[in-house]
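Open the model in your viewer and keep the selection tool at hand. The tour goes from one stop to the next, with something to select at each.

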Amino acid sequence: MLRDTFLGLDLSTQGLKATIIDSELSIVFETAVNFDQDLPEFGTEGGALIDGETVTAPSLMFVKALDLVLKHLSESDIDLSNIKAISGSGQQHGSVWLNASARVRLSSLSPTMTLAEQLTNIFSMSNGPIWMDSSTGKYCEELESIIGGSKELARITGSRAFERFTGNQIAKYFYCQPEIYKKTERISLISSFIPSLLIGNFASIDFSDGSGMNILDINEKHWDETALNYVGGNKLQGKLGKPLASHTVAGNISKYFVERYGFASDCAVVLFSGDNPNSLAGLAVTGPNDVIISMGTSDTIFGATEKTTPSEKRGHVFISPMNPDSFMVMLVRQNGSLTREKVRDQWANASWKTFTEMLHKTPAGNNGKIGFYFFTPEITPAIKNTGVFRFDSNGQKTDTFSPEEEARAVFESQFMSLRLHSEQFGLNPNLIIATGGASVDRALTQIISDIFGKPVAIGDTPDSAAMGAAYRALHGYICNKEGRYVPYTDVTAKAIQPKIVSEPNMSNHETYSNLLPRFEELEETLK
Ligand code: XUL
């Protein structure tokens with residue numbers, strides 16, 4: 001007998017990926033679309049449109065990407081009628097702005113046409129802000145002051161005001177482009193937009209991704225009235241809808257997908273969540289000292305926690321995507337994989353193999369040379385100045401490093417910074433689980449292990465956000481079937497546990513620990 005299957009979709013900064021698992025949690029099919037390569041008509045770079053501090057992505061590109069992924073699925077030999085539930089991940093904080101025609105159009109799609117052909121005109125602005133945007137400083141300051149300071153905002157919403165957080169993005173349009181705001185009927189997160197396409201109606205924002213907006217009270221689990229009023233006035237509640245627990249079923253898949261692709265009419269669509277929350281769910285990690293480092297366009301470090309200990313300076317607390325009564329903590333560096341790739345392209349002929357060979361020619365700690373690589377403004381620590389900043393072993397600025405030193409400097413600086421700020425945030429790992437594209441690179445996991453002085457493990461697949469989406473589809477489906485919240489670990493008990501791939505060299509670890517105070521001082525000078 002055919003096993004039931006579950007589909008996870010992961011809409012990241014750079015593309016859309018689909019992963020299908022069976023009820024034993026084994027992957028049965030994967031496919032992916034890359035925005036820059038497969039949809040060049042949108043002219044994105046790394047999936048984004050960068051205009052100074054303003055960074056957006058075309059909302060129609062997401063629709064076209066879904067059309068393409070569905071085409072791949074229908075051309076495969078996967079039986080789509082066997083998929084019991086779908087869930088997904090969205091890059092966090094990004095939003096999609098829908099006009100008054102959207103709801104009707106979503107619910108009356110013709111199966112003879114693609115989604116993009118029918119949904120071109122449903123947006124009140126074509127390019128929605130995404131997480132790389134850093135243009136809302138003014139609104140962040142105002143929000144904090146109206147709420148009673150950064151500490152109070154962090155206590156209520158889990159984070160001090162961050163420029164990329166959706167509430168501050170909403171404020172920018174509310175105050176500067178009221179005509180757009182007025183014609184917007186619904187503001188979806190990217191993570192609630194894709195399920196809206198699937199159910200043919202507006203899907204709710206889930207608690208976990210909703211925690212990345214600076215307007216959700218993460219303890220009371222409803223929008224904070226004062227924050228809401230400041231960022232969008234008294235109409236905003238209606239434009240956002242009510243946030244719901246991440247395991248909620250948003251509805252069944254709409255007739256369009258049944259008729260065009262052969263999905264079963266009772267295929268459930270479980271609320272999507274953010275890519276980082278879903279990564280946590282994909283590794284099924286609940287232990288307080290198992291910390292995940294996810295390496296994608298951004299590098300993030302996060303873990304599960306039972307209680308909220310929000311920091312008024314750095315990092316975030318989100319409601320957990322696995323349990324609405326639990327939390328996760330996280331810290332984000334914006335200069336992740338694209339920054340590593342830029343340095344590789346410049347110094348190692350765009351080859352990771354050459355890059356790794358170069359790494360072996362320099363010792364841990366790079367003879368005291370430290371570089372900072374900010375090709376886009378940095379979030380942790382908050383640094384607006386972009387560029388490469390190099391310091392010799394005496395802490396003096398220098399314009400050049402040798403190519404070998406450059407290769408080591410970029411890796412070391414990214415993860416020394418992650419160690420420094422996560423320690424100050426209170427994360428204290430026993431084990432680091434690496435995920436994301438770069439987690440397959442042993443030279444990199446070794447450097448991470450040496451910097452943190454802890455073993456590094458990797459999961460079964462480098463794409464934990466898509467896995468988490470598929471696991472959460474199964475979880476939401478079971479909760480719905482049983483009519484109660486079923487513990488996430490009951491559903492994911494068969495998930496393969498991460499395996500250790502790098503053990504720390506403690507002498508290298510000591511070198512890094514000795515370098516850390518000087519690293520911190522130099523990083524401070526760049527703020
Ligand atoms: C998280 C964040 C990024 C995006 C990347 O706060 O801004 O990690 O989620 O997709």
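Select P381, which is in the loop between β19 (370–374) and β20 (387–391). This is a predicted model. Most peptide bonds are trans.

Next, go to A284, in the loop between α14 and β15 (290–295). Most residues other than glycine have a negative phi.

Which pocket holds the ligand? The ligand sits in the largest pocket. Two elements give two or more residues to the shell around the ligand: α14 (275–282) and β18 (327–333). To show the shell, select T13, Q91, Q92, H93, W131, R164, D275, N276, S298, T300, M330 and V332.

- H93: an N or O atom in the side chain is 2.6 Å from an oxygen atom of the ligand.
- N276: a polar side-chain atom lies 3.0 Å from an oxygen atom of the ligand.
- Q92: here a polar backbone atom is 3.1 Å from an oxygen atom of the ligand.

How much of the ligand's accessible area does the protein cover? On its own the ligand has 290 Å² of accessible area, and the protein covers 98% of that.

The last stop is about aromatic rings. The model has 18 aromatic pairs. To see one of them, select W97 and Y181. Why is this pair edge-to-face? The ring centres are 6.4 Å apart and the planes of W97 and Y181 stand at 70 degrees, and planes over 60 degrees apart count as edge-to-face, so the pair falls in that class. W97 belongs to strand β7 (residues 95–99) and Y181 to helix α8 (residues 178–182). The pair links distant parts of the chain, 84 residues apart.

Terms used: Residues numbered from 1 in each chain as written. Predicted model: local features only at pLDDT ≥ 70, side-chain atom pairs only at ≥ 80, totals over all residues. Heavy atoms only, no water. Near = heavy atom within 4 Å. Polar contact = N/O pair within 3.5 Å; in protein donor to acceptor, adjacent residues only side chain to side chain. Areas by Shrake-Rupley, 256 points an atom, 1.4 Å probe, with all protein chains shown as cover. 1 Å grid on protein atoms, 1.4 Å probe; cavity = no way out; pocket = protein on both sides within 12 Å on 5 of 7 lines; lining within 4 Å. Sits in = over half its atoms within 2 Å of the grid points. Helix = DSSP H or I, 4+ residues; strand = E, 2+ residues; numbered from the N terminus. Phe/Tyr/Trp six-rings, centres within 6.5 Å; stacked < 30°, edge-to-face > 60°.
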